[in-house]
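Here is a short report on salt bridges. Look at the structure first, then read on.

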Amino acid sequence: MSDPKQTGWGALTPIGSTGDPDLKVRIERAFARCFAGAEGELVLSHLRGLTLDRALGPNSTDAALRHMDGQRCLVLHIQSLIDRGRGFS
């Protein structure tokens with residue numbers, strides 16, 4: 001996991017990106033298990049509705065647009081971990 005005391009871009013190093021390659025696979029499988037089934041699909045649907053399926057209006061501030069883009073990136077990252085984890089099953 002990233003060092004909680006670290007700041008800047010270095011704090012965003014993903015778990016498993018610099019260490020044990022098996023850790024990456026274990027994390028992907030864990031995401032696939034967490035979001036499996038009807039409840040997992042419900043949660044993913046809710047996250048997509050809050051982020052990917054939503055548009056901000058023309059009067060949105062730069063900060064609001066950046067915030068929404070960050071949320072969208074996180075949801076897409078979660079989805080990619082799930083997809084990769086399911087591929088290992």
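Which side chain meets E41 in a salt bridge? The partner is R86, with 3.4 Å from N to O. A salt bridge here is a side-chain nitrogen of Lys or Arg within 4 Å of a carboxyl oxygen of Asp or Glu. E41 lies in helix α2 (residues 37-50) and R86 in helix α3, so the pair ties together parts that are 45 residues apart in sequence. Helices are DSSP runs (H or I, at least four residues), numbered from the N terminus.

Both ends are partly exposed: E41 has a relative accessible area of 36%, and R86 has 35%. The cut-offs are under 20% for buried, over 50% for exposed, and partly exposed in between (1.4 Å probe, protein chains only).

## How the model is read

This is a predicted model: local features need pLDDT of at least 70, side-chain atom pairs count only at pLDDT 80 or more, and totals for chains, interfaces and linings use all residues. Residues are numbered from 1 along each chain as its sequence is written, and side-chain values use heavy atoms, leaving out hydrogens and water.

## The other pairs

By the salt-bridge rule, the count is three. One of them joins R84 and E28, at 2.7 Å from N to O. R84 sits in helix α3 (residues 62-87) and E28 in helix α1 (residues 21-34), so this pair ties together parts 56 residues apart in sequence. E28 is buried, at 2% relative accessibility. R84 is partly exposed, at 36%.

R66 and D62 also meet in a salt bridge, at 2.8 Å from N to O. Both lie in helix α3, four residues apart, about one turn of the helix. R66 is exposed, at 59% relative accessibility.

Terms used: Helices (H or I, at least four residues) and strands (E, at least two) are DSSP runs, numbered from the N terminus.
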